[in-house]
Amino acid sequence: DVYRRDSVDASHYPVFHQMDGVRIFERKDLPAGAAGEELVQEELKTALLGVVRVVFGDVESRWVEAEFPFTDRSLELEIFFNGDWLEVL
């Protein structure tokens, strides 16, 4: 667990939880350069959205581009829940 400085409320908890996943691609299945990176990102987004739908049901969702110093191509996934957008990934 990692400490976070969020105030505890219905949508914030000061403990970070992490989930890891692995998808292995064969080199022959990936286009070179940026096209390969885009394909990997779309595959990842599809898989993560599937997990969110299993957990939360068929809810409205959106991807938000973000910047974090520890990831290159940072994204957040939000769902529309109880009348507000809630970051879930």
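Guide: Phe-68 stands opposite Thr-71 in strand E4. The model is predicted.

Visitor: What makes E3 and E4 a pair?

Guide: Two strands pair if DSSP finds at least two bridges between them. Strand E3 (residues 61–68) and strand E4 (residues 71–81) have seven bridges, in the antiparallel sense. So they count as a pair. Ser-61 stands opposite Ile-79 in E4.

Visitor: How many residues lie between E3 and E4 in their hairpin?

Guide: Two residues.

Visitor: Why are E4 and E5 called paired?

Guide: The cut-off is at least two bridges. E4 and strand E5 (residues 84–87) are joined by four, and they run antiparallel. Therefore they pair. Phe-80 stands opposite Trp-85 in E5.

Visitor: What is found in the turn between E4 and E5?

Guide: This hairpin also has two residues between its strands. Asn-82 sits in the turn, with a positive phi of about 50°.

Visitor: In what order do the strands of the sheet stand?

Guide: The order is E3-E4-E5. The sheet is open, has three strands and pairs antiparallel.

Visitor: Why is one side of E3 and of E5 left without a neighbour in the sheet?

Guide: Each has a single partner strand, because E3 and E5 stand at the edges. From one strand to the next, the twist averages 35°.

Visitor: Which strands does helix H1 lie across?

Guide: Helix H1 (residues 34–56) lies across E3 and E4. The helix runs at about 30° to E4.

Technical notes:
Residues are numbered from 1 along each chain as its sequence is written. This is a predicted model: local features need pLDDT of at least 70, side-chain atom pairs count only at pLDDT 80 or more; totals for chains, interfaces and linings use all residues. Side-chain values use heavy atoms; hydrogens and water are left out. Axes are lines fitted to C-alpha atoms, for helices over the stretch in contact, and angles run from 0 to 180 degrees between N-to-C directions. Contact means heavy atoms within 4.5 Å.
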